[in-house]
Amino acid sequence: MSVDQTFIHNHWQSLDYVQVDNATHATEYSLEVQLPFIHTCFPELPVAPLLLGPCSTEQAQCLLKPAWEDPETLIVISSDLYHYLPRSQALLTGMQTIRLIEAKHSDRLTPDQACGYLGLKGLIQLAQQPDYVWRTIAAHHSAQSNHLNPSSLVGYAGLLLVKPLSFLSTDPAYPNEN
């Protein structure tokens with residue numbers, strides 16, 4: 001897997017709030033979780049990994065916009081839904097967060113609902129057009145797969161942002177879900 005230095009240089013170098021900081025990876029694991037899967041499926045695919053620190057929704061949008069506008073680029077955002085909650089609160093928080101994303105309510109996302117909320121907010125803002133819809137593929141928590149402490153759960157979900165084919169929006173079997 002190669003890092004796409006050209007993409008990084010062309011789109012982010014001029015932004016004064018962007019910096020290269022390899023120390024950031026010492027406490028952040030989201031890239032380390034996603035990159036092996038991407039590399040296994042697409043070993044020759046160039047990537048432009050990006051970690052977001054404190055920034056505004058507008059700055060997150062600005063960072064994502066070049067990838068958003070390139071039809072050859074796939075944007076992957078890695079985020080837990082919640083951390084270390086008891087089961088009843090965890091399930092409620094997870095479903096509320098998924099519903100906020102599906103409804104494109106980026107203004108209501110907080111760090112308590114998704115540690116990657118800044119990237120999600122930026123992407124949701126870019127996808128405000130009515131022809132983009134979020135689809136939830138899966139939702140799980142840590143006790144489902146590894147039987148860790150069920151009183152302190154971490155939540156995960158897979159969501160996909162899609163632009164349905166135009167003929168589907170006119171077919172009553174596929175209602176437009178704006």
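Me: What covers the buried residues of helix H4?
Reply: The cover includes strand S3 (82–85), helix H5 (117–126), strand S4 (133–141) and strand S5 (153–162). This is a predicted model, where local features need pLDDT of at least 70, side-chain atom pairs count only at pLDDT 80 or more, and totals for chains, interfaces and linings use all residues. Residues are numbered from 1 along each chain as its sequence is written, and side-chain values use heavy atoms, with hydrogens and water left out.

Me: Which residues of H4 are called buried, and what makes them line one face?
Reply: They are Ala90, Thr93, Gly94, Thr97, Ile98, Leu100 and Ile101. Seen down the axis of H4, these buried residues fall within an arc of 160° (taken from the directions from the helix axis to the C-beta atoms), so they line one face of the helix. On the other side, Ser88 and Leu92 are exposed.

Me: Why is Ser79 called buried?
Reply: Buried means under 20% relative accessible area, exposed over 50%, and partly exposed in between (1.4 Å probe, protein chains only). Ser79 has 16% relative accessibility, so Ser79 counts as buried. Its place is in the loop between helix H3 (57–69) and S3.

Me: What does Ser79 contact, leaving aside its neighbours within four places in sequence?
Reply: Ser79 is in contact (heavy atoms within 4.5 Å) with Ala114, Cys115, Gly116, Tyr117 and Leu120. The side chain of Ser79 also reaches the backbone nitrogen of Cys115 at 3.3 Å and the backbone nitrogen of Gly116 at 2.8 Å.

Technical notes:
Helices (H or I, at least four residues) and strands (E, at least two) are DSSP runs, numbered from the N terminus. A polar contact is a pair of N or O atoms within 3.5 Å; within protein, one must be able to donate a hydrogen and the other to accept it, and residues adjacent in sequence count only if both atoms are side-chain atoms.
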